[in-house]
Amino acid sequence: MAEPGRGTRPAISGMAPPQMRPPSQVPQYSYGWLMPVLGALLALVLAFVMFKLHYTYGQAPHRIVKMMIGMVLVLFAFFKPKFAVHAWLLAIPIGEWLPSSGIPGLNGPNLLFIVLLLSWVVPRIMTGERIMVRTRIAGPLALFAGLLFLSAVHGILFPPGSGYQLVAMMKAAWQSVLGFSIYFIVANTVKDEKEIRSLLMTLAVGAILGGVIAVRQYLASGDATRIAGALGDVNDLAAYFAMVAVFLIPVATVPGTLSFIRRVVLLGAAGLATLTTFMPKSRGAYIGLGLAVLYLANRISKRALVVVLVVIALSPLWAPDSVKDRVAETRADDFEMHLVGDATDRLDPSSAVRLEIWGVVMREFVRSPIIGHGYASIPYLTSKEMDKPWSAHSLYVETAGEMGLVGLLALTWLFLSCAKSGRELMRVASSVLNKRLAIGFLAATVALLITNVFGQRLTHISIGGTYFFVAGLVDRCIYFERERRATEDAKGVLAA
């Protein structure tokens, strides 16, 4: 029998539970082998899926690669909800290139929206926090989106023509307002200025990605062809890049607050966006970009304003022939104008048709001035008097014809609220970055207002999704500035 105090410690240690044993005697379990095994299994599964899609279902390899990339992004966003906003910013500049599952409603933007919604609402419900803070833009934006859906219901109850289908119109209405949703997530979830800088970088990277695709398409098709890039429409592509360019220019030139790498990326994105604005040959984008740059120059520096005015005045000397030819197409030459009498005949075909469409829609507006004729009713209205269905080619004319005065007032309230938010952030900004963010947002608002004169740009998911992302950042920065000022006031009261 062992003497007391001798030989008892090893016996006791062997009988003790693992958490009570000395560290040297706790069994060590390593799971380092698990990740390589899971990675290998995932690779095998993806390889099998690609094999079946290509050889059994005849899918092209580039489409399969895009599907795989989309799946990885969506899965990553589900497991890392904070990444969902970044994924949104990377996805919307290449909207037409995103893969479709073939299942109704199951696509990249909808999946990202679900992840964004869950990442916004669920954590706040679990912790008992407020889901939404009070902002200036939220009410007008929600009202305009709600009126758009009510307009679709109006069209369903009182169809403007045969073929107006319930499911198709509600789906189209949802796609029209899907870009608006990013505002509510950003305006309520962004935590600090560090996250704002990170999101701005992702916005710039997404713009570079879309710009590279557009440049590649331009070089492949030649100067004679109008390109649509990854957005599917030439005018939408130009409007998107005009808006992004004027937003990024002041942000990229913030003095002393951004690292060299970040400034290079932002400046590169701004320059590429400016260049890409000219490639689709959209006259509305030319005007929107020019007026927005004038606004920027006036806000940032009077010298810059003089330089911009000189550059614009000398544009006939430096502008590419394709740009000058496109601008010259707006009106016929003096000899042709002398031969024709009708004002619409003095315009090029696209401008003349646009004026004719506007005339038809305005006559229909008079017939129902309060609530319009319902969502997506313009093609039905124009087909009655013209050779085929036409879109309105103007956000404001379309809103008047489809949603009436109610819709126009809601749209006016929305744009005024955006402008007021930008001006408020400019007034209360405590940092140069916030002030430049406000200036860029106001310049983007100018570009968006102008380009929407010549087309329906607001509800395009890439354009609306980008604009209201920036709007969310602006209102979030205002919220931070108010909190900062309230904290300083509270400290002042305590000190007194």
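Glu424 is buried, its relative accessible area being 10% (buried means under 20% relative accessible area, with a 1.4 Å probe and protein chains only). This is a predicted model, in which local features need pLDDT of at least 70 and side-chain atom pairs count only at pLDDT 80 or more, while totals for chains, interfaces and linings use all residues. Residues are numbered from 1 along each chain as its sequence is written, and side-chain values use heavy atoms, without hydrogens and water.

Glu424 belongs to helix α19 (residues 395–428); helices are DSSP runs of H or I with at least four residues, numbered from the N terminus. Its side chain makes a polar contact of 2.6 Å with that of Arg136 and another of 2.9 Å with that of Arg482. A polar contact is a pair of N or O atoms within 3.5 Å, one able to donate a hydrogen and the other to accept it; residues adjacent in sequence count only if both atoms are side-chain atoms.

## Arg436

Arg436 lies in helix α20 (residues 432–451). Arg436 is buried but has no salt bridge, and Glu193, the nearest side chain of opposite charge, is 13 Å away. A salt bridge requires a side-chain nitrogen of Lys or Arg within 4 Å of a carboxyl oxygen of Asp or Glu. The side chain of Arg436 does form a polar contact of 3.0 Å with that of Thr253.

## Nonpolar cores

The largest nonpolar core has 100 residues, of which Leu458, Phe468 and Phe469 touch the most other members. Helix α10 (residues 234–252) gives the most to this core, with 13 residues. Such a core is a set of buried Ala, Val, Leu, Ile, Met, Phe, Trp, Tyr and Cys residues joined through side-chain atoms within 4.5 Å.

Methods: Helix = DSSP H or I, 4+ residues; strand = E, 2+ residues; numbered from the N terminus. Buried < 20%, exposed > 50% of the residue type's maximum accessible area, 1.4 Å probe, protein only. Lys, Arg positive; Asp, Glu negative; His and termini not counted.
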